[in-house]
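Biologist: I'd like to learn how to read a structure like this one. Could you walk me through it, starting with the charged pairs?

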Amino acid sequence: MSLSSAFRAVGNDPGIITWRIEKMELALVPLSAHGNFYEGDCYVILSTRRVGSLLSQDIHFWIGKDSSHEEQSCAAIYTTQLDDYLGGSPVQHREVQYHESDTFRGYFKQGIIYKKGGVASGMKHMETNTYDVKRLLHVKGKRNIRATEVSPAHCLTGLRSSLPGTEFLLNNVCLHLQVEMSWDSFNRGDVFLLDLGKVIIQWNGPESNSGERLKAMLLAKDIRDRERGGRAEIGVIEGDKEAASPEMMKVLQDTLGRRSMIKPAVPDEVVDQEQKSNVMLYHVSDSAGELAVTEVATRPLVQDLLNHDDCYILDQSGTKIYVWKGRGATKVEKQMAMSKALNFIKMKSYPSSTNVETVNDGAESAMFKQLFRKWSVKEQTVGLGKTFSIGKIAKVFQNKFDVMLLHTKPELAAQERMVDDGSGKTEVWRIENLELVPVEHQWYGFFYGGDCYLVLYTYEAIGKLHYILYIWQGRHASQDELAASAYQAVEVDRQFDGAPVQVRVTMGKEPRHFMAIFKGKLVVFEGGTSRKGNAEPDPPVRLFQIQGNDKSNTKAVEVPAFASSLNSNDVFLLRTQAEHYLWYGKGSSGDERAMAKELAGLLCNGTEDAVAEGQEPAEFWDLLGGKTPYANGKRLQQEILDIQSRLFECSNKTGQFIVTEITDFTQDDLNPGDVMLLDTWDQVFLWIGAEANATEKENALATAQEYLHTHPSGRDPDTPILIIKQGFEPPTFTGWFLAWDSHIWSAGKSYEQLKQELGDTAAITRITADMKNTTLSLNSEPKYYPVEVLLKNQNQELPEDVDPAKKENYLSEQDFVSVFGITRVQFAALPGWKQLQMKKERGLF
């Protein structure tokens with residue numbers, strides 16, 4: 001097949017295209033077989049996503065464990081050619097069976113199925129309605145599941161697969177190996193699917209969790225709908241209650257033999273997040289004829305280390321290897337990027353299964369960019385506010401906005417980091433003797449670095465009260481006070497039945513909404529305390545830096561009282577016991593000066609003298625210890641930061657801190673049994689599912705702090721952390737998800753509900769009996785009827801074997817498309833109500 005015809009399927013529509021290497025050529029895999037991979041083959045997968053107004057593309061070549069070196073090389077070559085065909089902008093990935101990246105696994109929400117054999121053994125990706133099946137699927141993983149096919153006969157891992165039971169050569173010794181599908185494949189910690197074509201039986205290990213059972217059931221339903229056109233029955237056996245399902249246990253024993261002792265659970269292989277946090281950047285050169293690797297830097301990495309004329313390898317502790325190709329590198333150097341990575345892996349003695357990603361200068365993936373302390377789009381600047389690039393990215397401007405839009409447009413709330421304009425009810429407490437003491441209303445907005453405070457904010461939206469609990473921790477507060485603030489926050493949270501969003505605020509890094517609460521009158525003192533009876537005298541000279549241009553973003557922060565603290569772009573208040581000066585930097589705006597004057601009036605009772613930069617009296621400099629150089633250049637323009645929001649599942653159940661990324665995330669990925677972390681770079685949300693275990697709930701803040709601590713880029717540990725409970729999500733959180741549905745968890749079906757919807761045991765018993773006793777058995781073809789026969793109603797004479805509620809299953813493929821205008825696979829992907837509507841409109845219900 002010519003490349004032009006092989007790539008004809010490539011377009012601009014979002015989705016996945018899969019090719020298999022067949023006789024060293026690309027063969028398109030049908031949509032119904034997506035997610036199925038033969039262990040003896042190699043594949044090329046193109047993912048196209050629309051990010052804002054632009055297309056983002058990733059090319060993966062997948063290597064089956066039993067594929068030949070020739071097929072692997074061929075897949076790599078086709079990947080490079082497809083990259084050239086698409087203009088060199090896609091990110092390239094090397095995927096090895098059992099070791100796929102989170103990005104790759106995220107494409108197949110229902111899971112990945114590994115199938116025995118390959119092209120060499122005559123295995124083909126079959127279209128819908130194939131019943132000649134007898135296989136056992138071993139389902140592993142809670143988030144991105146993998147199902148390994150245990151066929152009636154299979155070969156050991158690492159051997160080249162051929163027809164079952166044939167000869168294999170290993171070190172020139174002829175082996176004859178055949179392992180029967182049996183109970184020996186089972187273990188207590190995983191889920192297994194026995195697929196007999198017309199019947200699928202799910203066996204749940206006693207130690208498997210509800211998430212794994214739900215994912216396995218969704219996989220069984222997906223096989224039924226996509227591969228069998230809806231014509232298969234599904235049954236479930238709970239491994240710790242086998243006696244409750246005698247008929248289905250008989251089917252299992254008839255197929256697998258007599259029930260034997262089940263092996264203990266096998267723990268999943270995981271990589272500790274601490275290990276992933278160690279990154280090393282190398283410069284790569286082969287100018288002397290052999291690969292030369294020179295260490296450049298270690299964590300934290302900065303973007304300026306990358307020279308546009310060179311190639312680099314970024315090593316994430318051997319868990320993943322990135323190759324960065326500078327735009328000035330030669331075409332040959334770029335084409336050799338993957339081979340350089342493989343040589344590097346060999347040189348470092350890393351496993352051959354190590355994941356590899358190659359990225360082009362200017363088209364880097366989000367995962368690559370976030371390994372650096374900061375990643376910005378060069379030669380682009382904006383003014384005062386911060387701007388982020390396209391996609392699931394917040395655009396933050398310090399501009400006024402229509403507060404009424406924040407709840408009707410949650411994406412705006414997310415972008416502005418504001419749930420409202422701060423006009424709700426505010427209550428403030430100070431930690432005193434480890435207890436909560438109310439702060440007098442006249443001192444609201446005054447925060448001292450020697451104290452800790454709780455601020456409860458209450459607002460109404462869509463007829464319901466909502467709460468935000470801010471925990472403000474002073475830089476000089478004692479460890480006991482810090483601990484007490486966390487404890488008291490839990491107590492307040494309990495009083496409101498877990499409804500408040502908890503926000504940890506580090507001194508000097510107050511979020512915008514926190515500032516808006518105090519309406520332009522927020523003052524942060526470096527030290528001291530506001531407690532009654534405080535004997536500590538005020539410093540004789542205090543200097544405050546005032547920033548902000550409206551009541552939603554203005555605050556005064558105390559800085560060292562030296563001339564070097566001044567900055568021409570801001571306004572400063574110099575306060576002494578006798579005189580007060582309000583100093584206007586020449587780069588400050590009229591709005592900034594107006595807000596500063598209002599705030600200074602609060603601190604000095606309107607007795608301050610206005611001083612313009614360059615017209616200061618001598619006494620002004622004397623109070624600051626003399627005139628010294630300070631920042632007096634033009635306003636520093638903010639680079640455009642290129643940041644994408646990312647969703648992670650966090651767990652420390654195994655004693656290790658494990659973080660798993662969910663790519664292309666939607667609200668459906670927020671599992672009630674999980675703790676999820678949404679990272680929007682300048683703040684981190686920790687979402688706690690209603691069914692998360694008690695330990696994870698209690699350690700929520702520690703989990704977020706551990707995430708920041710172990711982030712490969714060396715993140716700011718004081719990044720604001722917001723703790724959110726399921727069902728109490730504010731628009732600043734929901735706005736990062738497309739089409740948020742507040743009823744999704746009440747309307748969504750649980751594992752038990754899905755289980756109740758399955759066919760009855762009698763139907764499974766009848767079908768398996770027919771399969772065993774009739775000559776049609778497993779090789780029987782589905783029986784179809786003409787459209788006019790199926791259009792008869794139940795009172796008329798329908799054939800005995802036709803289910804009146806599922807008449808569409810008895811249409812041939814050609815008649816199905818003729819009647820519905822879409823294929824059976826496309827029909828199966830529609831929601832149930834839509835299927836029913838189409839059936840009624842065509843007289844098939």
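Biologist: How many salt bridges are there?

Modeller: The general idea is that a salt bridge is a side-chain nitrogen of Lys or Arg within 4 Å of a carboxyl oxygen of Asp or Glu. By that rule, the count here comes to 24 salt bridges. Before we go on, keep in mind that this is a predicted model: local features need pLDDT of at least 70, side-chain atom pairs count only at pLDDT 80 or more, and totals for chains, interfaces and linings use all residues. Residues are numbered from 1 along each chain as its sequence is written, and side-chain values use heavy atoms, with hydrogens and water left out.

Biologist: Okay, which residue does D195 meet in a salt bridge?

Modeller: D195 pairs with R135, at 2.9 Å from N to O. D195 sits in strand β12 (residues 191-195) and R135 in strand β8 (residues 135-140), so the pair ties together parts that are 60 residues apart in sequence. Strands here are DSSP runs of E, at least two residues long, while helices are runs of H or I of at least four, both numbered from the N terminus.

Biologist: Is D195 buried or exposed?

Modeller: Buried means under 20% relative accessible area, exposed means over 50%, and partly exposed is in between (1.4 Å probe, protein chains only). D195 is buried, at 0%, and R135 is buried too, at 3%.

Biologist: And what about K509, where is its partner?

Modeller: K509 forms a salt bridge with D716, with the closest N and O atoms 2.0 Å apart. K509 is in the loop between β26 (501-506) and α13 (512-517), and D716 is in the loop between α17 (700-710) and β38 (721-725), 207 residues away. K509 counts as partly exposed at 32% relative accessibility, and D716 does as well, at 30%.

Biologist: Now for the inside: how many residues does the largest nonpolar core have?

Modeller: A nonpolar core is a set of buried Ala, Val, Leu, Ile, Met, Phe, Trp, Tyr and Cys residues joined through side-chain atoms within 4.5 Å. The largest one has 54 residues, and F518, F733 and F737 have the most contacts inside it.

Biologist: What is F737 in contact with?

Modeller: Contact means heavy atoms within 4.5 Å. Leaving aside neighbours within four places in sequence, F737 touches L647, F665, T666, Q667, L670 and L678. There's also a second, separate core of 29 residues, including C42, F61, I321 and I345.
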